[in-house]
Amino acid sequence: MNKERAITYSLLSHIRNTGTLAKGPIDIFIPLIKRTLSKMNLEGVFKGKSILEIKKASDKLYQIDFPIPVLNKILKEICNEINTDETQHLILYKDGSFALNQYTFTDYEELVENQRTEIDELEEVFKKFCSSSELEIENSNSIFSFIEQNKFTLSKYISHNKETNGSDYTKEAQFVDFFKRFPRIYDKIKDIYIGSIVAGYIEYNSDDAQRDIILLLDTNFIIGLIDLNTPESTHTCNTLLKIAKQQKFKIRILKDTIEEATSLLEAKAEYYDKSFLQKKINPEDVYNACERRDLSKTDLERISDNLEKTINELGINILHNTDKLKKEAKFTELYKVFEKFRNSKKSALHDATAILYINKERKKKIKEFDKVNAWFVNNSSSVVGDSIFLKNGFQPETIKADDLLNILWLSNPQVNKSIDTNDLAEIGLTSAISLTLSKDLPKSNIIRELDDNIHKYAKEDISDTDIIRVATRITNKQLKDIEELNLIASNDKEEFVKRLQEEANKQKKIEETRIRKLESVFKNISKRTDELEKTKQEFQEKSKNIDAILKEKENKENQLEDKLLIEQNKNREILRDNWYSKQLKKWRRKTWIEFFVFALIFLVGILYIFFEANWNLDQAVDYFKELKANIIFSGVVSLVLFIWNYFNIKTLYGKYRSHSNIENFKKGLKIPENMKELNKAQ
């Protein structure tokens with residue numbers, strides 16, 4: 001893996017940790033492709049005959065392969081997001097061609113440059129570590145390949161990709177293990193790791209179908225589950241068990257597995273007092289857990305005696321009737337393969353039986369990971385051959401616990417939420433370190449023989465510290481001729497002690513040189529951390545002052561706004577009152593017209609009566625009495641007087657004297673915008 005891909009992984013990790021995958025996992029790559037389009041536009045690319053041109057630019061920029069279907073989906077999402085009615089920044093045509101128009105995206109440019117600096121720093125620290133440890137490196141980029149290697153394991157499950165990225169990463173594993181205690185370095189390593197797993201979204205297309213999944217647990221998984229392995233291993237096993245229960249998986253174990261685990265613990269208890277070197281070489285050894293937990297030989301025997309009860313309490317279903325299955329397994333080709341690798345025929349038969357059980361549950365060979373309904377789950381750092389890989393395109397029967405966790409994290413949103421990202425990185429990196437450092441170690445019986453020889457011939461002549469240094473050289477594969485050492489021990493005690501002391505002195509020299517050479521690195525890291533903290537504090541202080549100034553400015557602005565608002569509203573009130581007066585006049589005018597029409601009718605009637613009476617008052621009164629005696633005339637006059645009095649005069653009164661009538665009229669009016677009451681929101 002080169003540095004560009006490491007930067008891409010860091011960027012993906014940042015997007016994953018700060019964003020959301022609400023729409024779907026592919027959305028996490030949208031910012032990357034937006035950045036590609038922006039750079040293409042900047043370089044003068046405004047159109048293309050095929051989206052293969054975008055793919056080529058993206059693959060080169062990020063050093064990861066964007067499949068065409070995935071890229072096409074991302075581009076359609078970008079079109080929906082960035083195009084408007086006024087401007088079409090990206091157009092995808094039916095023939096596969098595209099057009100780009102004035103599109104810029106600079107959101108992550110500063111972040112990418114910062115990450116480039118951090119990646120360079122990580123590579124430089126790795127070089128100094130190797131130099132100080134007398135380790136030769138062919139390519140300093142190999143540290144990134146080591147971090148990424150778990151991605152290639154997952155690819156074999158989820159995309160049938162058989163690509164590998166190297167074989168021996170002992171020095172890289174030592175480096176990561178050493179710098180676990182330095183958060184600034186280790187956090188960057190974890191970011192790259194998480195980004196490499198997130199990149200699996202490109203390859204993994206889950207069908208989201210619900211299936212009954214069986215997990216058959218191996219011996220080493222149980223040892224991890226009961227905290228007799230490393231703390232990280234225990235965390236891995238417990239996390240997977242918890243998630244398996246949440247997902248309603250069927251969790252099972254063969255009775256033979258319990259017997260194998262019991263035999264292992266009994267053997268460990270038997271050699272408890274004779275073990276020292278073994279636990280220093282292999283961090284996953286049961287003896288290491290005993291030392292960490294302060295367990296005695298008696299404690300180990302008690303755990304062994306109660307193992308079946310413990311498994312029942314953990315909610316794991318024990319398969320008791322396995323005799324028929326074992327008889328069948330004994331005649332399989334796989335049993336013959338396991339016989340070559342396992343320490344005993346019993347162990348070989350156990351593994352062959354477990355694999356046979358898985359195949360019977362599956363009923364047929366399966367290619368797609370999502371369609372697998374049964375797994376034999378182990379937690380071992382040592383793997384027989386390439387059994388964890390796809391075989392002829394079909395899924396294997398076994399899977400490591402951390403690999404299964406990673407794929408579940410990728411495929412299932414619920415699992416994604418229930419596993420902390422930091423925990424996932426810790427699990428994966430610890431597993432990678434353990435797998436790498438445990439690979440090609442001498443067989444346990446050879447280590448045990450060396451342990452016995454040290455107790456017999458060198459216990460009084462060499463310190464425990466020096467024995468630990470010898471163990472470190474064995475773990476780091478710097479001391480390989482263990483069988484020759486055992487042969488020397490039986491023939492020449494003095495030479496044996498001399499050789500051990502020489503190896504211890506070599507390791508002591510390496511450790512002293514490493515501390516001296518890396519001291520400047522530690523100081524720089526510490527200095528940079530202090531500078532960052534100082535900058536942070538200065539920024540916070542400035543922010544406080546700026547906040548106070550801004551607050552005072554805001555208060556003054558608010559006061560001015562309030563005064564201006566009051567003045568504006570006063571002016572608007574005057575305009576509004578004048579407008580209301582005009583509307584009220586219009587409203588009342590209609591009633592006045594009606595009033596004067598009625599008054600005119602009465603006036604015309606009175607004049608008519610006087611005209612008929614020759615303008616004589618007495619005659620006019622008599623004539624009126626005569627007309628009044630007429631029922632029709634009298635009724636019409638009464639009706640007109642009633643209408644005039646009850647409707648017209650009363651309405652007129654209401655429009656001048658009734659406050660509620662006047663207010664209701666005002667409420668019904670549509671006030672012009674320039675006269676409405678203003679508030680701060682406007």
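How many cavities of 30 Å³ or more does the count come to?

Tutor: The count comes to 2 cavities of 30 Å³ or more. A cavity here is a set of points on a 1 Å grid over the protein atoms alone where a 1.4 Å probe fits but cannot get out; points are joined across faces, edges and corners, and volume is the space filled by probe spheres set on them. This is a predicted model, in which local features need pLDDT of at least 70 and side-chain atom pairs pLDDT 80 or more, while totals for chains, interfaces and linings use all residues. Residues are numbered from 1 along each chain as its sequence is written, and side-chain values use heavy atoms, without hydrogens and water.

The largest cavity has a volume of about 140 Å³. Its lining (residues with an atom within 4 Å of a point) comprises 14 residues, of which Ser233, Glu284, Asn379, Ser431 and Ser434 are the closest to the centre. By class, 9 of the lining residues are polar, 4 charged and 1 nonpolar; Ala, Val, Leu, Ile, Met, Phe, Trp, Tyr, Cys and Pro count as nonpolar, Asp, Glu, Lys and Arg as charged, and the others, Gly among them, as polar.

Two helices (DSSP runs of H or I, at least four residues, numbered from the N terminus) deserve mention. Helix α10, residues 231-246, and helix α21, residues 421-438, each supply at least two residues of this lining. The greatest contribution comes from α21, with 4 residues.

Terms used: 1 Å grid on protein atoms, 1.4 Å probe; cavity = no way out; pocket = protein on both sides within 12 Å on 5 of 7 lines; lining within 4 Å.
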